[in-house]
Amino acid sequence: MDRDRLAQALMATFLEELEGHVAALNRDLLALEKAASPARFGELMTSLLRTVHSVKGASRAVSESLIETACHRLEEVLLVVQQREHTTPELMEVCFTAVDALDDAGRRLALKQELKGSPLEALLPRLEEAARAPGSLRPTAPAAPEPPDTPAPEASPPTMDAPAPGLEGLPVRVSAQKLDALLARSGELRVAGLRMEGRVEWVEAVHEELYHLRLRLRGTDEAVARRLEARLAQLGRALAADRRTLLQATGGLDEEVRRARTLPFAEACAGLERNARDLALASGKQARVEVRGGALELDRSLLQGLREPLLHLVRNAVAHGLETPTARRDAGKPEEGRVTLSARLRGGRVQVVVEDDGRGLDMASIRERARARGLPVLQDAGDARLIFMPGLSTAEAVTSMSGRGVGLDVVRAQVEGMRGSVDVSFVPGQGTRFTLDVPLTLSTLRVLLVTAGRQTFAVAGESVERLLRLGPGDVRVVEGRQMWAAPGALVPLATLTAVLGLEASAPRPRPGAMVLSAGELRAALVVDEVVAEQEVLVRGLGSRIRRARHVSGVAVLPDGRMAPLLNAASLVRAAEGRTAHAGLFPAPVEKKARRRVLLADDSMTTRALEQSILEAAGYEVLACADGQEAWERLLAEGADAVVSDVEMPRMDGFALTEAVRGSQRFGRLPVVLVTARSRPEDKARGLQVGASAYLVKSAFDQTHLLETLRQLL
């Protein structure tokens, strides 16, 4: 190995070790703050000094003198703490800041960046001051930590036993990327084994056809056919034996690779206690993080996917849930708040719970903010789920901790991206509980294959509660919405074609439906046909497809075909607000005249796109190039609704809306503004002048536009 490659290999090893050492330092420092006995204090100090010394020696080996110097000075600070036999907030803050700077240095080195000008270099004088004159340190409140801009570091690569002469039992570190590649290959072998099953059945079918053909032959032809039949039977037996061997081998390989990829749940919780501690100090609170079920072994990719949602939920619990020590004391609670994370297996799924013992949710504030954003408010327990809507925040002001309306919607999106669901419950004054339900594995899945609109789709079998045949007596209409009359409850009913925006299929006398569940929510979706239940290999959508409505991945079927893997939680939510197709159980009705929509947009391209969408949905469209033309045609020809851009010559969308609202004839006409102006003040003005709905083009979705018109009309 040449010198450069050796240096790169040493640096990779050093960064891997540094990540583990940073986690160990954070863990021991947090425990040191709460050390209840001198023996425990001494044990933790010994561990901290040993870890810092290890980092110092390793940094010397890769010629990183800045890290070596910083570790030497941190050792001196720790020796001061050891001699005093107690900690102070100022010294602890210096130690925590040093660990953060070491972590930052590792990230910079991984990106091949220089350490000059880094936080670690800036910290050296403070470390020297703390070691020389610890009493002169001034207390500094830590800034509330922001979620990292870069992806959270992956868990330390798993280890797997690799026996070798004289090395039996010693762990060998294998990179996560290599294990991912192995798992992908084992999944492909598994699909190949399932495909062989079809080949065996095909050979058996040919053998049976040859048998019937032989019965009609005589003489030499019969003898030849008999020999061919015998050889075909032999081939079939050999294929069946090979299939069994392949499936056994791939099943064993798959299981071993999965075992090598598993890590304890506590790995996903690494760093959360430190984050909660800093956040609590910055807001004048006290918080303790407890992890239950930390030894539960889970797939590494699942743990990686859970890291950011858990971080958001812990931050949310500290920032919004836990009260100040004074408020907790007045409420008869301990001054220190508690945030608990727990994990347990439920069949083929994992249930992760994040709960706190704080104040619970402020439903009055949540409903008020939701109404201000035009969201439906039901005045029941289901309103708690409003906190997962994008942009919804109950914080009074934007701070480093909260107020941006970003966080819980990210949690829902990321959990659903893992084919999971998230739900929330609370008890006022006692606490809030978030429940994440995710699959045990993300690479293979048992799915139900269904067809809708002449396409095949896959749905995770664990999300399908039951299959049923619907009759007219099974359906109820409640407040204009069709519902399936389940035993003891009414469940929202929709067609899969309508939810996915596909061409509706011809109605059937007794259509089939699948009942999907996502947490506490359920919905019945009508499908054209249920094809089969199969185990499939799951693949991601890839970086080129950043957003696909209701789709979370691709299922590789045993015959090599691909089927979109539908997101059950997303389908259930969409079905809640969508009525089943009117022709589900057709009855003779009078044909209604087409609704007329007045469309105003100065962009020819946008106008043509929106006109085609509206006409495909059955509307008659009057297309206009600006607001003035739209107003004149409205007066002359009338309309049932107006869809308008905002920025247009002669008369803009705001002026057009004001003119419509000021008209005695058209004052109650629905007006939908579709514009690129996404600022809150623009939306507020649109609603102030009387717009019925305000849609932003950057998030334009034709289904949203059509659904908005349907509800308004």
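Mentor: Start with Glu-503. Its relative accessible area is 57%, so it is exposed (over 50%; under 20% is buried, in between is partly exposed; 1.4 Å probe, protein chains only). This is a predicted model, where local features need pLDDT of at least 70, side-chain atom pairs need 80 or more, and totals for chains, interfaces and linings use all residues. Residues are numbered from 1 along each chain as its sequence is written, and side-chain values use heavy atoms, without hydrogens or water.

Glu-503 sits in the loop between α13 (496-500) and β16 (512-518). Helices are DSSP runs of H or I with at least four residues, strands are E runs of at least two, and both are numbered from the N terminus. Beyond its neighbours within four places in sequence, Glu-503 is in contact with Gly-453, Arg-454 and Thr-497 (heavy atoms within 4.5 Å). Arg-454 is 49 residues away in sequence, yet the C-alpha to C-alpha distance is 8.9 Å.

Now the helix pairing. In α4, residues including Leu-91, Val-94 and Arg-108 meet α5 residues, among them Leu-120, Leu-123 and Arg-126. By class, this contact has 11 nonpolar, 1 polar and 3 charged residues (nonpolar: Ala, Val, Leu, Ile, Met, Phe, Trp, Tyr, Cys, Pro; charged: Asp, Glu, Lys, Arg; polar: the others, Gly among them).

Last, the cysteines. Cys-71 is buried at 1% relative accessible area. Cys-624 is buried too, at 0%. The whole structure has 0 disulfides (cysteine sulfur pairs within 2.5 Å).
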